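Please keep the structure open in your viewer and follow the stops below in order. Each stop says what to select and what is to be found there.

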Amino acid sequence: MQDLGINVIFEGSNLLRLLIGLWVTMRIAIVAIAISVVFGIAFGIVMTVKNTFVQIVARLYLEAVRIIPILVWLFLFYFGLTKVLHIHLGAEVVSVIVFSLWGIAEMGDIVRGAITSLPAHQRASGRALGLTDLQIYRYIIIPQAVRRLIPAAINLATRMIKTTSLVVLIGVVEVLKVGQQIIEVSILKTPSASFWVYACIFALYFIICYPISLWSKKLELKWQNQ
Amino acid sequence: MDFDFIVKSIPLYVKAAEVTLELSFWGILLSLIIGFICSLVIYYKVKLLAQVVQIYIELSRNTPLLIQLFFLYYGFAKIGIKFEAYSCAIFGLAFLGGSYMAEAFRSGLEAVSKIQIETGLSVGLNRWQLMRYIILPQAFSVAIPAIGANAIFLLKETSVVSAIALADLMFVAKDLIGMYYKTTEALTMLVVAYLIILLPISLLLTFIERKVRHAGFGN
């Protein structure tokens, strides 16, 4: 029985259904990552502003997002916020909002780190040459900061992809839910279905995340030596 | 806000917080042990074992804890390997955390400069003494911030174990929402509980990090 168990993956449209389920989480991850990159860069630049009030607010936002587990944030938005504000938000919308808020905070911190880690003489030299603020950013800060932040940003993207697996817990029908449905249907025919289905989902996540982490590691090594 | 309800639910949360803390404690402890051993295997480039460890690290770092737990808990049960939810959760946390801790230790070990090692060898230390007196003290001070961050990460990840029916903080909040429809109260208590646990630990780690920063050579 056991060696035949793997067939459950290839029966009917099961594999296709799993892949469609996976696409649901990927879609959430991709949208959230896109939003995080755009607004995260802006947030990171804001964090470098030398204004105590701005820095305190930014710090509070970052620490609040960091210290509470993402699953709790999902619950807060899905069950809490909707009840308090008397609005209805779909689980997918809530997921995108929560993951974007998280991504913006983390991306902002990466950008801030990349900018402030540049030696102060870089900025001063630019100033001495008579460059304007905009030119200093365009020709000195950004080209150097980008190299420092891209590996970390890619890492953040894999973390976000992995963490989107949590959305099943607020009721998004994604790969894990589809997996459970397949297991329930085939439980009598193939008792070992759950092993193979979960192994398959495990492998799917690995196939997506592993190349991305390899890529980030490669970039990191390449830019470290320059 | 129904404050009577909140007061009545406090014992439930305290009990759940104990579960969360207990799981985290064992998970972090095992992660540290696994991570330390794995990092040494990679550092000394032990034949074959180093490759196995590398595969484990990649597998564990590139898959979500939720999927690892489901695979362990529901998947393995069907091929005859049954875990209780509790040990399954600890095992899952250790599986995930081990690789993160290994990376933290490894980056610490690699940060120890060659000159240090050569100096140690030239004054006649053997391999064990070199590890004990030269490499480890410096590696630790470099690795501490990452280890601390990983510990907090693992503590937060325990929120996922409610998915395999363990009565942690997350589970209790879900239960109260489901049974009494006291959403606001249950969620407020949940956030408060996590803050009570995580804030002091996070502050403590910042403090420790500042202390060990002076331990590096040349500072």
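The model shown here is predicted. Begin at the boundary between the chains, where the count between chain B and chain A is six residue pairs in polar contact, both partners being at pLDDT 80 or more.

**The extent of the interface**

Now pick out B:N62, B:I67 and B:F71, which supply 19% of the area that chain B buries against chain A, more than any other three residues.

**Salt bridges**

Which residue of chain A forms a salt bridge with B:E58? Show the side chains and the partner is seen to be A:K217, with the closest N and O atoms 3.2 Å apart. The count of salt bridges between chain B and chain A is one, whereas over all chains the count comes to eleven. Another of interest lies within chain A, where the side chains of A:E106 and A:R66 meet at 3.3 Å, N to O. This pair links distant parts of the chain, since A:E106 belongs to helix 5 (residues 91–116) of chain A and A:R66 to helix 3 (residues 52–67) of chain A, 40 residues apart.

**Chain B as a whole**

Hide chain A for a moment and look at chain B by itself. Chain B has eight helices and zero strands, and its C-alpha atoms fill a box of roughly 70 × 45 × 20 Å along the principal axes.

**The cavity**

How many cavities of 30 Å³ or more does a search of the whole structure find? The search finds one, and the volume of the largest cavity is about 40 Å³. To display its lining, select B:F36, B:S39, B:F105, B:L109, B:L136, B:A139 and B:F140. Helix 1 (3–43), helix 4 (85–111) and helix 6 (127–157) of chain B each supply at least two residues of this lining, and the largest share, three residues, comes from helix 6 of chain B. By residue type, the lining of the largest cavity divides into six nonpolar, one polar and no charged.

**The second largest pocket**

The last stop is the second largest pocket, in which about 310 Å³ of space lies. Of the 17 residues that line this pocket, centre the view on B:I28, B:I147, B:G148, B:A151 and B:L205, which are the closest to its centre. Helix 1, helix 6 and helix 8 of chain B are the elements that give two or more residues to the lining. Helix 6 of chain B gives the most to the lining of this pocket, with seven residues; helix 6 of chain B also supplies the largest share of the cavity lining seen at the previous stop.

How values were computed: Residues numbered from 1 in each chain as written. Chains lettered and ligands numbered in written order. Heavy atoms only, no water. Buried area = accessible area lost by both parts, 1.4 Å probe. Salt bridge = Lys/Arg side-chain N within 4 Å of Asp/Glu carboxyl O. Polar contact = N/O pair within 3.5 Å; in protein donor to acceptor, adjacent residues only side chain to side chain. 1 Å grid on protein atoms, 1.4 Å probe; cavity = no way out; pocket = protein on both sides within 12 Å on 5 of 7 lines; lining within 4 Å. Points joined across faces, edges and corners; volume = space filled by probe spheres on them. Helix = DSSP H or I, 4+ residues; strand = E, 2+ residues; numbered from the N terminus. Nonpolar A, V, L, I, M, F, W, Y, C, P; charged D, E, K, R; others polar.
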